[in-house]
Amino acid sequence: MKTLQTYTLNTLEINDNSFSLSENSPASAALMNFSHSTRMTLHADMPVPEAYKIMAAENSQINYVINDHHELLGIVSRNWLSNDNLMKYTDKSHGPSFWSVFDLMLPISELPAVDEAQLQNFTVLDVLETFRSIQRDFMLVLDGNGQMRGLLSAEDIIGRLEHAPTFRDKGGEVLEILRQLRASHGLEQLQVVNG
């Protein structure tokens, strides 16, 4: 089993793939490409309920968050903005309607990144193993010039797999290990609440 080398980046656009993957698919097939076409941005100051409605209307699972200068600040998942997920963070005086997208986004500086060239020699199963080893659900993909090319998402890959991987690692399937890590480390759908 191979593990991708990751690194962080301080400073995205996403076009979802919808075709199925197998565990032996090339890692590049799992890439959610950045493009200037259909992906909508969310402003960091947008109230959470409004952002959730927009993402639900466009059936978007992941959007990127920008500031007034159209600089990328991070990414946000529609699941992170859902009422069910937010209830664990509410109190009587500061409910979800007081929060902005910025409060719930995953900052770009906290996303590990990999070189796009590495993806040529890796499979989807290798990517899942990398997610397990770094205990993260997202990785940025950069080209040889350091330009952002796309995003790898554990949730997206798991959702697109034709069947659960049969590869067994340390006594359990890779997907089960990911689920166990999320549960044991509290890495549910909502990973970050900025304070």
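## A buried leucine

L119 counts as buried because its relative accessibility is 0%; buried means under 20% relative accessible area, exposed over 50%, and partly exposed in between, with a 1.4 Å probe and protein chains only. This is a predicted model, in which local features need pLDDT of at least 70, side-chain atom pairs count only at pLDDT 80 or more, and totals for chains, interfaces and linings use all residues. Residues are numbered from 1 along each chain as its sequence is written, and side-chain values use heavy atoms, with hydrogens and water left out.

L119 is located in the loop between β7 (112–115) and α5 (124–134). Leaving aside residues up to four places away in sequence, L119 touches L4, A27, S28, V141 and L152, where contact means heavy atoms within 4.5 Å. A separation of 9.6 Å lies between the C-alpha atoms of L119 and A30, which are 89 residues apart along the chain.

## The chain as a whole

The chain contains 7 helices and 11 strands. These are DSSP runs numbered from the N terminus: helices are H or I with at least four residues, and strands are E with at least two. Of the 195 residues in the chain, 49% are buried.

## An open sheet

Four strands form an open sheet with mixed pairing, in the order β3-β4-β5-β6. Its edge strands, β3 (41–43) and β6 (106–107), each pair on one side only. Two strands pair if DSSP finds at least two bridges between them. Strand β5 (residues 72–77) runs antiparallel to β6 and is joined to it by 2 bridges; G74 has P107 in β6 as its bridge partner. Strands of a sheet pair through backbone hydrogen bonds, either parallel or antiparallel.

## Two nonpolar cores

In soluble globular proteins, nonpolar side chains tend to be buried together. A nonpolar core is a set of buried Ala, Val, Leu, Ile, Met, Phe, Trp, Tyr and Cys residues joined through side-chain atoms within 4.5 Å. The largest one here has 29 residues, of which I75, V76, L81, L111, F138 and L151 touch the most other members. Two or more residues come from each of α1, β4, β5, α2 (78–81), α4 (101–104) and β8 (138–142), and β4 gives the largest share, 4 residues.

Beyond four places in sequence, the contacts of F138 include I62, I75, W80 and L151. A second, separate core has 19 residues, among them A27, L119, V127 and L128.
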